[in-house]
Amino acid sequence: MTRVEHIGAATLYLGDARDVVPALGGGIGAVLSDPPYGMAFCSNYRAERHAPIANDGDDELLLWACGLAPAHSSYIFCRWDSLGRVPKPRSCVTWVKNNWSMGNLEHEHARQTEIALFYPGPQHDFPSGRPSDVIRAPRTGNEHHQTEKPVQLMLAMLAWTRGVVLDPFMGSGSTGVACARTGRPFIGVEIDPAHFETACRRIVDALRSPDMFGAAA
Ligand SMILES: C[S@@+](CC[C@H](N)C(=O)[O-])C[C@H]1O[C@@H](n2cnc3c(N)ncnc32)[C@H](O)[C@@H]1O
């Protein structure tokens, strides 16, 4: 059974995104999300060092997220080695981090980037001028989630979108925190109860200290 929490302009669902999102009935401006990457499928290194992430065994959920069609835009994080299986994006935004992953130390370049697929919707525009497809932001210490995205990164990407923001795989709620700080309406879904609780707590905290200088598009 799905649990729903309303926190300011955020509505958070504990449940499976594939059940929750179709029942929302539209009205989504932008999808800004970081689906399970298929780490267990793509790499044994990561799977050994972290607690397992729900549904991380393949890229079915990534493909599902790419099929969502919001009015303004979708930015969906993706591993580079899933690129051959996703619908062709209009752009690939590269996040440059201040560290690199381990991976295969002898036969793989030290990866210092992650990519987000960009799909414009029928009402797309660039709210504050045409942005570069490179974005720099320091990584987090994964204090709240095994694969936590920095709020600074999500704030920058949020500024490229309009309307209600949906993150169907919100994890610890980094997208929702960015929305709370800038006054954007947010819908988040998470299947793991512990991550759901973390997201609720972080969004409550963010509402206590909003970014007074953030754009409320
Ligand atoms: C890559 S993580 C997102 C991390 C997030 N960006 C953050 O900063 O914390 C993907 C999340 O999707 C969740 N998840 C997996 N399958 C799901 C499903 N069917 N519906 C909703 N959430 C799901 C996992 O539990 C995990 O927390």
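## Strand pairing, sheet and core

In strand β6, T113 is the bridge partner of V96. That pair belongs to a contact between strand β5 (residues 91–96) and strand β6 (residues 113–120), which run antiparallel and are joined by six bridges. The model discussed here is a predicted one.

Both strands belong to an open sheet of nine strands with mixed pairing, in the order β1-β2-β9-β8-β3-β4-β6-β5-β7. Because β1 (3–7) and β7 (134–136) stand at the edges and each has a single partner strand, one side of each is left without a neighbour in the sheet. From one strand to the next, the twist averages 20°. Strands of a sheet pair through backbone hydrogen bonds, in either the parallel or the antiparallel sense.

Strand β9 shows the parallel sense on both of the pairings tabulated here.

| Strand paired with β9 | Sense | Bridges | Bridge partners |
|---|---|---|---|
| β8 (residues 165–167) | parallel | three | L166 and I187 |

Five of the five residues of β9 (residues 186–190) are buried, so this strand is largely enclosed by the rest of the structure. Within β9, F186, G188 and E190 point one way while I187 and V189 point the other way, and all of them are buried. In a regular strand, the side chains alternate between the two faces of the sheet. Together with helix α6 (residues 174–182), strands β8 and β9 make a β-α-β unit that is right-handed.

The largest nonpolar core comprises 49 residues, and those with the most contacts inside it are L32, I76, A116, M154, L158, V165 and I203. Helix α5 (residues 151–158) supplies the largest share of this core, namely six residues. For A116, once its neighbours within four places in sequence are left aside, the residues in contact are Y75, I76, F77, C78, V93 and W95.

How confident is the predictor, and which pLDDT does the protein average? The average pLDDT is 90, and 87% of the residues score at least 70. Residues 40–49, however, have a pLDDT below 50, and in the model this stretch has twelve contacts beyond near neighbours in sequence.

Terms used: Residues numbered from 1 in each chain as written. Predicted model: local features only at pLDDT ≥ 70, side-chain atom pairs only at ≥ 80, totals over all residues. Pairing = 2+ DSSP bridges. Helix = DSSP H or I, 4+ residues; strand = E, 2+ residues; numbered from the N terminus. Axes fitted to C-alpha atoms, helices over the stretch in contact; angles between N-to-C directions. Core = buried A, V, L, I, M, F, W, Y, C linked by C-beta atoms within 7 Å. Buried ≥ 20, exposed ≤ 12 C-beta atoms within 10 Å, placed from the backbone. Contact = placed C-beta atoms within 7 Å. pLDDT = per-residue confidence, 0-100. Right-handed = clockwise from strand over helix to strand, strands pointing away.
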